[in-house]
Amino acid sequence: MKRVALLGATGSIGRQAIEIVEAHPGLELCAAASATTPLDGVDAPLKQVGGDLTELLERADPDVVLNAVVGFAGIHATRWALERGVELALANKESLVAAGELALAALARGGGRILPVDSEHSAVFQCLEGRTAEQVDTLVLTGSGGPFRGRIRDELANVTPEQALAHPTWRMGPKITVDSATLSNKGLEVIEAHFLFGLPYDRIEVVIQPASIVHALVRFRDGAALAHLGYPDMRVPISYALTYPERAAVPLPPLDLAALTLEFEAPDTDSFPLLALARAAGERGGTAPCAFNAANEVAVAAFLAGRLPFPGIAEVVGETLAAVDAAPARDVDDLLECDRLARETAQRGLAVA
């Protein structure tokens with residue numbers, strides 16, 4: 001029996017994870033947490049709303065932590081699992097993006113394993129399994145392009161939060177859905193892939209695949225490429241992470257290959273500059289990815305609240321990155337200070353946006 005601690009139990013990932021756990025006789029939900037939403041319908045011996053997630057994890061003593069917390073707030077749970085060698089099923093990409101080298105150092109000390117839950121990184125993980133890094137040429141992450149794919153910059157000035165939340169293929173929480181619309185989610189995924197798979201940024205590509213059928217590709221040095229295909233359903237990567245190395249049954253129909261048309265296109269980084277800003281932050285290194293994430297969280301919240309136009313998200317993030325020094329973090333306290341300063345800078349940027 002594998003004991004699962006589920007953080008972010010009431011979000012999109014959390015609800016689907018509960019479905020996976022309940023359907024699998026080898027999984028047991030030992031703890032569940034949410035930020036603010038009551039957990040009345042969740043069957044777990046330990047439940048917590050708000051508060052210190054690491055204290056809950058200490059009491060739960062899980063075999064695997066599924067971190068589906070939204071945003072930078074998930075960093076402490078990620079660090080707890082990595083330091084203790086507890087298997088980490090990671091849906092909270094922001095904690096790895098922000099922590100970067102500190103997270104990898106904690107992983108090395110703890111001797112555990114990260115199993116990515118993002119569909120793209122789960123796909124890369126599966127394509128790479130059993131292969132050495134020397135065999136890899138490039139990684140290709142795919143994205144749907146979001147609800148505004150094909151629009152030019154001038155057509156984005158007056159889009160509303162309701163329009164941004166109408167994702168064409170995935171059903172997700174509001175923050176990640178807006179990130180998908182701006183392509184910042186794809187930028188965060190580029191940084192996450194860099195740390196997960198150890199490849200330099202110039203060997204990590206992004207292409208738009210509107211149907212969300214191809215989740216990632218890996219090109220190898222012999223000219224071959226392996227792709228991971230599947231219908232857009234997060235139960236697949238969640239199940240894979242929770243039951244690894246098993247591949248448990250998930251109630252989805254097999255791909256109807258004859259009905260598929262697979263189209264690919266380059267991302268429009270002129271209309272959607274956050275992808276390029278994220279890549280630049282990753283290449284800059286230090287705490288630049290942490291600052292990118294912090295500013296993006298502030299700007300997305302302002303957009304959802306009606307206080308910032310859609311193009312203003314990228315403007316606030318870009319101005320914040322230009323203002324921070326991005327010095328490397330020596331420890332988590334340095335990282336928390338960087339996050340705080342970047343948020344303050346972004347808030348000041350909102351006042352003039």
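## Aromatic pairs, inner spaces and loops

The structure holds 5 aromatic pairs, a pair being two rings of Phe, Tyr or Trp (its six-membered ring) whose centres lie within 6.5 Å, with planes under 30 degrees apart counted as stacked, over 60 as edge-to-face and the rest as tilted. This is a predicted model, in which local features need pLDDT of at least 70 and side-chain atom pairs count only at pLDDT 80 or more, while totals for chains, interfaces and linings use all residues. Residues are numbered from 1 along each chain as its sequence is written, and side-chain values use heavy atoms, with hydrogens and water left out.

The rings of Phe 148 and Phe 310 have their centres 5.2 Å apart and their planes at 80 degrees, so this pair is edge-to-face. Phe 148 lies in the loop between strand E7 (136–143) and helix H7 (161–164), whereas Phe 310 belongs to helix H13 (residues 310–323), so the pair ties together parts that are 162 residues apart in sequence. The helices (H or I, at least four residues) and strands (E, at least two) named here are DSSP runs, numbered from the N terminus. Phe 148 has a relative accessible area of 1% and is therefore buried, a word that stands for under 20% relative accessible area, with exposed meaning over 50% and partly exposed lying in between (1.4 Å probe, protein chains only). Phe 310 is buried too, with a relative accessible area of 5%. Elsewhere, Phe 125, Tyr 240 and Tyr 244 form one aromatic cluster.

At 52% relative accessibility, Glu 263 counts as exposed. Leaving aside its neighbours within four places in sequence, Glu 263 is in contact with Ile 208, Gln 209 and Pro 210, where contact means heavy atoms within 4.5 Å. Glu 263 and Pro 210 are 53 residues apart in sequence, yet 7.1 Å apart in space from C-alpha to C-alpha.

We turn next to the empty spaces. Rolling a probe the size of a water molecule over the atoms shows where empty space is left. On a 1 Å grid over the protein atoms alone, a cavity is a set of points where a 1.4 Å probe fits but cannot get out, while a pocket is an open set with protein on both sides within 12 Å along at least five of seven lines, and lining residues have an atom within 4 Å of a point. Grid points are joined across faces, edges and corners, and a volume is the space filled by probe spheres set on the points.

By this rule there is 1 cavity of 30 Å³ or more, and the largest cavity has a volume of about 80 Å³. Its lining is made of 13 residues, of which His 215, His 228, Asp 233, Val 236 and Pro 237 lie nearest the centre. Helix H6 (119–128) and helix H10 (235–243) are the elements that give two or more residues to this lining, and H6 gives the most, with 4 residues.

The second largest pocket has a volume of about 330 Å³. Of the 17 residues that line this pocket, Leu 229, Gly 230, Val 236, Arg 247 and Leu 252 are the closest to its centre. Strand E10 (225–229) and H10 each supply at least two residues of the lining of the second largest pocket, and the largest share, 4 residues, comes from H10.

Finally, some other loops deserve a look. Asp 61 has a positive phi of about 50 degrees although it is not a glycine, and its place is the loop between helix H2 (53–60) and strand E4 (64–67). Leu 183 has a positive phi of about 70 degrees, although it is not a glycine, and it sits in the loop between helix H8 (174–182) and helix H9 (184–197). Is each of them buried or exposed? Asp 61 counts as exposed at 55% relative accessibility, whereas Leu 183 is buried, with a relative accessible area of 5%. Thr 287, in the loop between helix H11 (274–284) and helix H12 (288–304), is buried with a relative accessible area of 5%. Its contacts, leaving aside neighbours within four places in sequence, are Ala 326, Ala 327, Pro 328, Ala 329, Leu 335 and Cys 338.
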